[in-house]
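Biologist: I have a new model open and would like to go through it. Can we start with the sheets and then move on to the helices?
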Amino acid sequence: MFSGKILALLAVAASSCSLLAVQVAAQDPIDSISPVTKEMLLNPPDSDWLMWRRTYDGWGYSPLDQINKENVGQLQLAWSWGMSPGGRSQETPLVHDGVMFLQNSTHLIQALNAATGDLIWEYQYELPDDVNPNGERSKAIYEDKLIVATRDAHLIALDINTGQLVWDKQVANYEQGFAFSSGPIVANGVIIQGTTGCSNAQPGGCFFTGHDVETGAELWRVHTIARGDTPEGNSWNGLPVESRYGASAWITGSYDPEQNLVFAGVGQIYPWNAEIAGLTPPSSDPDVTNEALYTNSTLAIDPNTGELKWYYQHLPTDSLDLDYVYERLLIDLPVDGEMRQQVVTTGKIGIIESLDRTSGEWLWSKETGPQNVVLSIDPETGEKEINPDVIPVIGETTFNCPADPGAKAWQATAYSPRTKALYLPMVEFCSNTTVNPLDPGEIYTGGGLQTYSRVPHPDSDGNIGQVRAINLEDQSEMWEYRQYAPVTSSTLPTGGGLVFVGTLDRHFLAFDDETGDILWRSGKLTNSLESFPISYEADGKQYVAIVANWASGLGRLQSLTPDVVLPANNPAAVFVFALPDQMAGN
Amino acid sequence: MPAILKFLCRIALVLVFAVPAAVTVAPAYAQAEPEFYDVPYAPGQWNIGRRLDQSQLRYCIDPRQPDWEVAGAIADAVAGALLLEPQRYEVERAFVLENITQVYGIMLEHCDLHMGFKLIPEGYGNWAALTRAYYEAQYVFVTADPDIGSLAELAPARPIGATVGTSAHIRLVSYLGALPREERWPTYPMGTNELALESLLNGTIDVALVWAPSLWAKQRTTPAYADFHVIDPAPLPPTTLGVGALMLADETFLRTAVDEAIAALSQDGTIADILETYKFPASVSP
């Protein structure tokens, strides 16, 4: 005890050059933490979770198998750690060499002993007073730096050993609404970051930027709204650039080292209604179209140059806030007997789509939950026929399924190479949609200029929350799980044949990855589980971790499940589960 | 001030019941349920305590709003009518635009009334309520072209830039949808009134559709905008909206008192005098 206090004092003194970084105590894992190399990112140790979806291919899969179908029923809480209450976390903890890195909604960044939950160091990034504290979905580690995005559109790098600030780079002006809600990916030695918050205050939309890992200096910028006298630039119905809004890039991309390409999604038009956005009725100019590129597209970007190699637009002229911005999974499987290098994504409509990631060629789609937006999809091109009855019209109320949060939202799908299945966290609900003037003040506006009154699906069995397993070899449905409370976390498949997921009603579940049978259900945790669960190994023991926090997204559907009561003031905490020592071989 | 005197017997009742009701009921949002969609979240809301001084009318004005000086003068008059000491809080935030839910936290901490919100049916969440309007203003079509006196005189190919999503913009888009394609004006959405006016200045558009107080504020401070003139909206009817103060929905007692004060100040000419003092492009709400 006495020596621990002395160590703590020495550590605080040693960090006096940075008032914000506080070394609490020297702990074993931090003493032996190694730099994260380029090779390590290409082939991460099974024990680590080094980036948002663990690997560059975006699978969100842990190969660890100490916790498996036979013993998962014995899973128990190993430790937990309270995080800053309030705000929205949507956290993905990272783990390297037994050290867990957490970002609290207040931008308090912490390193914990991943085996014990003891604090190693913490760093407080000071947000401006007028920026609401909310978390970031992801962060990155490269060499000895933890690279973190902030809500006021800065990128910062911290020393993973001490938590001390290495550099701080402002990327965009938060006063114009630019922000980061997800963190970067480091690809081929370059930091790639997408911006969000691009609504009516940012004519010209958002952008991806590439940054030098040593200094944070910006290397390149790719605008997510096309401009110039090109087919893409002329896809905005003749609107000048200052009248083009939206196209936020708010989800971290994936990386194919073989092609040296980053694949990332772009969000929808803003305001949501295409008529108000000036995209309909279509222009009579034969050189002008109204798809509004690159909204709702997959972009393939060279991380070193920022060159846009190709794009594919999944949903042109979107009028319902139905983003195709989410995770991109890189999966190599045969299509029609021919092995294809695919990039797979699922938009809010709940339709899984696959592209050839070497060319952007559309390959296949799979409809999952009920929806009434897309009537048909061209089997050759993927072009969608949109149901005209769901397109919002001024003066009318239209009915669309799903509503704006999506049948599938920011909660990421995950892929298991064991089963060749994609595991989708989903919800089922619809919306009565009305175009409203929402300009109550000159500064304070009311959102995307449409009101979505969320209602159950007409054929609903009362189960809003769902998990689906789709075999990607033949796109067949392996199993489906349904429950009343919305499913609110990403899925986590593991080498132990399990799929973990969290729910609005505070349970953490483990399914059999082949049958969908529930093999384990946690007790009720402190809050809704709206985050990205991970698995890692420390001191020879496998752990599964998830952050409890009410964080919007599918949790918005609490208005459909008012009996699912959550605690006041939105407490946040990370919960870490493991097998008892004797079962884990410890 | 006979209309004002009618209030005096009610004021004591308001002070006894309204303010304690407001400060005790509002935090119940946070205690009863967590944030979701229509209940905003204010950082640190559980640390915002009950205020003690019940002799003040706390109001917020936001210098980013074009009418903030006029709104401040009206709020002072409302406080005077209620025999309360006006307690002004000037919002110091730099965002160009913000979601209206941000007002929730500002009001919890700083004010009972947040001045400067348009009376739009179903334009607000259940957590908010508006006072009656203290003035009415219009969205106006503005041009720098001296030869254009009305919208009807604008050639179909010439573009209009409209502040996006306003009641007037939606009315314009709806009207254009009923016209043959060759008779429509290209209409460009503009994220803010300021951008619409800037785009008019640099020639991107020929006519701007903006909130009249925004044009007024711009012309007061920037000579380059002095030659802009408002044109007749025909063939469209004028779009007029009342403007009042935002309050937390629970503050029903105080809101009733404020409403009656605004009515009295409208009736006795006080608000008209304020509007005239500033040459503000609005009229007293009937």
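Biologist: In what order do the four strands of the open sheet with β7 in chain A come?

Modeller: This is a predicted model. In it, the order in that open sheet of chain A is β7-β8-β9-β10, and the pairing is antiparallel.

Biologist: Which strands stand at the edges?

Modeller: β7 (140-142) and β10 (165-170) of chain A. Each has a single partner strand, so one side of each has no neighbour in the sheet.

Biologist: And what does the twist average from one strand to the next?

Modeller: The average is 20°.

Biologist: How many bridges pair β7(A) with β8(A)?

Modeller: Three bridges, in the antiparallel sense, with β8 of chain A covering residues 145-149. As for positions along this pair, A:A140 stands opposite A:I147 in β8(A).

Biologist: What about the open sheet that has β33 in chain A, in what order do its strands come?

Modeller: Four strands make up that open sheet, in the order β33-β34-β35-β36, with antiparallel pairing. Its edge strands are β33 (492-493) and β36 (518-521) of chain A, and each of these pairs on one side only.

Biologist: What joins β35(A) to β36(A)?

Modeller: Three bridges do, and the two strands run antiparallel; β35 of chain A is residues 508-512. Across this pair, A:F511 stands opposite A:I518 in β36(A).

Biologist: Change of topic. Where does UniProt place the "Pyrrolo-quinoline quinone repeat" domain in chain A?

Modeller: The UniProt record, an unreviewed entry, puts that domain at residues 49-365 and 481-544 of chain A. In the model, residues 49-365 of chain A are 0% helix and 36% strand, with end C-alpha atoms 30 Å apart. Residues 481-544 of chain A are 0% helix and 44% strand, and there the end C-alpha atoms are 21 Å apart.

Biologist: Now the two chains. How many residues of chain A are in contact with chain B?

Modeller: 51 residues of chain A, which meet 55 residues of chain B. On the chain A side, the residues divide into 23 nonpolar, 21 polar and seven charged.

Biologist: Which strands are joined between the chains by two bridges?

Modeller: Strand β29 (residues 444-445) of chain A and strand β3 (residues 98-99) of chain B, and they run parallel. There, A:Y444 stands opposite B:E98 in β3(B).

Biologist: On to the helices of chain B. At roughly what angle do α4(B) and α10(B) cross?

Modeller: Roughly 155°, and their axes come within 10 Å. Here α4 is residues 68-81 of chain B and α10 is residues 270-277 of chain B. An angle over 145 degrees counts as roughly antiparallel, so that is how α4(B) lies to α10(B). The crossing is right-handed.

Biologist: Which residues make that contact between α4(B) and α10(B)?

Modeller: B:V70, B:A73, B:I74 and B:A77 from α4(B), and B:T270, B:I271, B:I274 and B:L275 from α10(B). These divide into seven nonpolar, one polar and no charged.

Biologist: How do α4(B) and α9(B) cross?

Modeller: At roughly 110°, with the axes coming within 9 Å; α9 is residues 252-267 of chain B. The two helices are therefore roughly perpendicular to each other. On α4(B) the contact uses B:A77, B:V78 and B:A81, and on α9(B) it uses B:V258, B:A261, B:I262, B:A264 and B:L265.

Biologist: How many of the residues in the contact of α4(B) with α9(B) are nonpolar?

Modeller: Eight, with no polar and no charged residues.

Conventions:
Residues are numbered from 1 along each chain as its sequence is written. Chains are lettered from A and ligands numbered from 1 in the order in which they are written. This is a predicted model: local features need pLDDT of at least 70, side-chain atom pairs count only at pLDDT 80 or more; totals for chains, interfaces and linings use all residues. Axes are lines fitted to C-alpha atoms, for helices over the stretch in contact, and angles run from 0 to 180 degrees between N-to-C directions. Angles under 35 degrees count as roughly parallel, over 145 as roughly antiparallel, 65 to 115 as roughly perpendicular and the rest as oblique. A crossing is left-handed if the near helix is turned anticlockwise from the far one by less than a right angle, and right-handed if clockwise. Two residues are in contact if their C-beta atoms, placed from the backbone, lie within 7 Å. Ala, Val, Leu, Ile, Met, Phe, Trp, Tyr, Cys and Pro count as nonpolar, Asp, Glu, Lys and Arg as charged, and the others, Gly among them, as polar. Two strands pair if DSSP finds at least two bridges between them. UniProt positions are given in the numbering used here, feature names are shortened, and annotations may be inferred rather than shown by experiment.
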